[in-house]
Structure formats: C-alpha cells, structure tokens
Amino acid sequence: MPINVNISPSWQTVLETEFDKDYFKNLVAFVKSEYQEHKCFPAGKNIFAAFNHCDFDNLKVVIIGQDPYHGPGQANGLCFSVNEGVPQPPSLINIFKELQADVKTPIPQSGNLERWADQGVLLLNATLTVRAHTAGSHQKKGWELFTDAVIKHISDKKQGVVFLLWGGYAKKKGQKIDTLKHCVLTSGHPSPLSANRGFWFGNKHFSKTNDYLKQRGLEPIIW
C-alpha cells in the first residue's frame, strides 16, 4: 500500500521508490506516533516544506543542515530557517554576517529563508522532525536514510548543482555527491563555536555560488 506523502509532484516522481521501502514505512509510523503523543516540530504540514518550496526541476543549490530547531515556533521545515518574527538563532546570525561581508547586502530582518528556497535553494535537514526541547530525538529512525537518498538522486539526476557543506556532519553527508558533475563548497559550521575559531567567516560561499551559476547561464540567487 503506497504511503501518501505531502510532497510536490516533481519530488514525488523522483522519490517514489523511497516511499515504498520498508524503512520509510517504519519511519512514517514512528513520526505519526511521536506527533500524536508529544509536541514535535515542525508542524506536520511543514515536514516536507524544503521540497515544496524548491521544485526539483528548478533546484540549483543544496544547503545541508542537521536537525530542526526544537524550540517553540522556530522550525519551519527549512534548515537554518525560522518562522517570521522569531529571533534569529546564533548560526543564522553568523550566516547573515558572512552574507553581508561577502555580497555587501544588508543583514536580513527576517530569518525565514523561504525566499531562498523559492529561488531553487533546497534547505535540507538530515532529520526532518524533532521532539520539542529534545535535540536529536528523531535521529537514527530512518530520516538519514531518506535524506541520503535525496542527495544521491540529486547527484545522479541533475547537473551543475552547488552543494554547500558547512561543518563535519554536512561534509560526511555529502560524500556521495559526484564532484565531476557538481560544484561542492565546504567550510566550517556557522555555529559560534566553529565560526569564532576561524572556520566560517570569509568562506565567500554566497558569491562563489552565484559566480558558478552565472558561468552556467543560470540566474544567480538573490540572497
């Protein structure tokens, strides 16, 4: 019996083989149970928001995060992004500081990154759900297998995608990307611990991404 996943048609076509696998069926059962018994984030309708804001056919950039934010009102289904009006977390503040230094744009008032996703930036967390106030609570339940498959499908079926791998976890997650077909940029994580040790600031990933897209005749991202 196929599982009905609230995901855009372009991704449904790409990922339908994953939805039929036992691990994914077990994952869905786990997530449904967690959402019934506990407060979890993001809201159920936003679990696949990263995909629904970034059509597979328009995909140009992938940013890999780890876990959704686990505080009230923060997570909106896009990695590093928070809902409108929510204070920006430390990692996002550092992302915006680098953005300002790199492409000379003012630091955005809003931490909602839907504006990036709508331009073809897939903001992909490795784990798409989390129990409130309990970091990592939905890890090793099947989400990592699913998001590994997402990355592999993008690598295999697309050409010239920019992958931004920030920190050791994202670099490991991106090991199966075909670097002959795609542009892979790596740096430290934007978290204060990494950034303050000199592993984040100055990576110029935003301008490098746009330079690569322009070389390929594509519209740059308005960061």
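Predicted model: local features only at pLDDT ≥ 70, side-chain atom pairs only at ≥ 80, totals over all residues.
Local features were considered at pLDDT of at least 70 and side-chain atom pairs at pLDDT 80 or more, whereas totals for chains, interfaces and linings use all residues. Residues are numbered from 1 along each chain as its sequence is written, and side-chain values use heavy atoms, with hydrogens and water left out.

The chain contains nine helices and six strands; helices (H or I, at least four residues) and strands (E, at least two) are DSSP runs numbered from the N terminus. Its radius of gyration is 17 Å, close to the 17 Å that the globule rule gives for 223 residues, so the chain is as compact as a globular protein of that length. The radius is taken over C-alpha atoms, and the rule is 2.2 Å times the number of residues to the power 0.38. The C-alpha trace spans about 50 × 35 × 25 Å along its principal axes. Of the 223 residues, 54% count as buried, where buried means under 20% relative accessible area, exposed over 50% and partly exposed in between (1.4 Å probe, protein chains only). Among contacts (heavy atoms within 4.5 Å) between residues at least 6 apart in sequence, 64% join residues at least 24 apart.

Helix H4 comprises residues 90-103 and reaches 20 Å from its first C-alpha to its last, close to the 20 Å expected for its 14 residues at 1.5 Å a residue. The expected span is 1.5 Å times one less than the number of residues. The buried residues in H4 are Ser91, Leu92, Asn94, Ile95, Phe96, Glu98, Leu99 and Asp102. Their cover includes helix H5 (114-117), strand S5 (162-166), helix H8 (192-195) and helix H9 (205-215). Helix H6 (residues 143-157) has 15 residues and spans 21 Å, close to the 21 Å expected. Buried positions in H6 include Trp143, Phe146, Val150, Ile154 and the charged residue Glu144.

Ser8, in the segment before helix H1 (9-19), is buried with a relative accessible area of 12%. Apart from residues up to four places away in sequence, Ser8 touches Phe51, Asn52 and Asp55. Arg131 belongs to strand S4 (residues 130-131) and is partly exposed, at 27% relative accessibility. The C-alpha atoms of Arg131 and Cys40 are separated by 4.3 Å, although these residues are 91 residues apart along the chain. When neighbours within four places in sequence are left aside, Arg131 is in contact with Glu34, His38, Lys39, Cys40, His70, Ser137 and His138.

Backbone geometry was also examined. Most residues other than glycine have a negative phi, and most peptide bonds are trans. A cis peptide bond joins Phe41 and Pro42, with omega of about -5°; Pro42 lies in the loop between strand S1 (40-41) and helix H3 (49-52). Lys104 has a positive phi of about 55° although it is not a glycine. Lys204 is placed in the loop between H8 and H9 and counts as partly exposed at 41% relative accessibility.
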